[in-house]
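The following paragraphs are intended to be read beside the sequence and the coordinates. Please keep both in view while moving from the overall chain to individual side chains.

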Amino acid sequence: MTSARASALPEQMVAADGTINVPFAGAVPVAGKSPQRIERRIARRLTGKANQPQVMVRVIRNVTSNVMVVGEVAQSMRMPLTAKGERLLDAIAAAGGVSQPVSQLTVQLTRGSMVQAMPLAEVIRAPRENVRLAPGDVVTVSFQPLSFTVLGAANKNEEISFEAQGISLAQALARAGGLEDKRADARGVFLFRFEDPLALPYESRVGPTMPFNWLLSMR
């Protein structure tokens, strides 16, 4: 009667060529393979060298599957990804949460050459925007205090802050106290801003952004 003896090997770092070195089995290719496939491959290599070899492989940590979290968070960090499938809000939570009001923050996801940004409040509100992260992603939380300036026949002529998700013209006028009844013409509200040329008539497109006046009627 023979008794089985288990031997635990030291942690193995996957080499640049995608292999690990196992005694009596040699260099075993493991890159891109599941632990179960690696177990079977090592067991085959040990056949004839060990009595009924049984192998158990466990991933201790994956140093290549990381996401960077930077910006207006409690602590910038490199977050490892797990089989759970972490999402945007998981990354922000792992970094200790945000350091500014949610309504004034924008979260940007950089994946390779693709860059997408969205108000953090919208990511929280709409679960579909809380996308699953991929290795190499960079999550940037930006504090972007936005404001508009009201001039003319309004009850307040001043600079007024608003949230990252934006507000309508009617909401903006309401924050300015509305139009003055005796001075204002509701059919002549001017909006001045820099526009994306794609939003303008073709003959008006000059440069990446351009100043543009909109004449709007609030009646």
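Predicted model: local features only at pLDDT ≥ 70, side-chain atom pairs only at ≥ 80, totals over all residues.

A residue is termed buried when its relative accessible area is under 20%, exposed when it is over 50%, and partly exposed in between. Arg-45, at 32% relative accessibility, therefore counts as partly exposed.

The overall composition comes next. The protein chain contains four helices and eleven strands. Of its 219 residues, 26% count as buried. The chain exposes about 15,100 Å², and carbon and sulfur atoms supply 54% of that area. As for contacts between residues at least 6 apart in sequence, 43% join residues that are at least 24 apart.

On the surface, Arg-45 belongs to a patch of positive charge together with Arg-37, Arg-40, Arg-44 and Lys-49. Membership of such a patch requires over 30% relative accessible area and no salt bridge. Arg-40, another member of the patch, is also placed in helix 1. Its relative accessibility is 48%, so Arg-40 counts as partly exposed. Arg-40 and Val-55 are 15 residues apart in sequence, while their C-alpha atoms are 7.4 Å apart in space.

Glu-39 is buried and yet has no salt bridge. The nearest side chain of opposite charge is that of Arg-40, at 6.5 Å. A salt bridge requires a side-chain nitrogen of Lys or Arg within 4 Å of a carboxyl oxygen of Asp or Glu. Leaving aside residues up to four places away in sequence, Glu-39 touches Val-55, Met-56 and Val-57.

The loop between helix 1 and strand 3 deserves attention next. Arg-61 is found in this loop, strand 3 being residues 66-71. With 55% relative accessibility, Arg-61 counts as exposed. Arg-61 and Met-13 are 48 residues apart in sequence, and the distance from C-alpha to C-alpha is 9.8 Å. Gln-52 is found in the loop between helix 1 and strand 3 as well. Its phi is near 45°, a positive value in a residue other than glycine. Gln-52 is exposed, its relative accessible area being 67%.

A positive phi is also found at Phe-24, where the angle is about 70° although the residue is not a glycine. Phe-24 is placed in the loop between strand 1 (19-22) and strand 2 (26-29). The relative accessibility of Phe-24 is 66%, and this residue therefore counts as exposed.

How many salt bridges does the structure hold? There are five. One of them joins the side chains of Asp-137 and Arg-111, with a distance of 2.7 Å from N to O. Asp-137 lies in the loop between helix 3 (120-125) and strand 7 (138-143) and Arg-111 lies in strand 5 (residues 105-111), so the pair ties together parts that are 26 residues apart in sequence. Asp-137 has a relative accessible area of 1% and is buried, whereas Arg-111, with 32%, is partly exposed.

Another salt bridge is formed by Glu-122 and Arg-125, whose closest N and O atoms are 2.6 Å apart. Because these two residues, Glu-122 and Arg-125, are three residues apart in helix 3, about one helical turn separates them. Arg-125 is exposed, with a relative accessible area of 56%.

Arg-183 and Glu-180 likewise form a salt bridge, the closest N and O atoms being 3.1 Å apart. Arg-183 counts as exposed at 54% relative accessibility, and Glu-180 is partly exposed with a relative accessible area of 22%.

Methods: Residues numbered from 1 in each chain as written. Heavy atoms only, no water. Patch = residues over 30% accessible without salt bridge, like charges linked within 9 Å, V, L, I, M, F, W, Y side chains within 5 Å. Areas by Shrake-Rupley, 256 points an atom, 1.4 Å probe, with all protein chains shown as cover. Lys, Arg positive; Asp, Glu negative; His and termini not counted. Charge placed at Lys NZ, Arg CZ, Asp CG, Glu CD. Buried < 20%, exposed > 50% of the residue type's maximum accessible area, 1.4 Å probe, protein only. Contact = heavy atoms within 4.5 Å.
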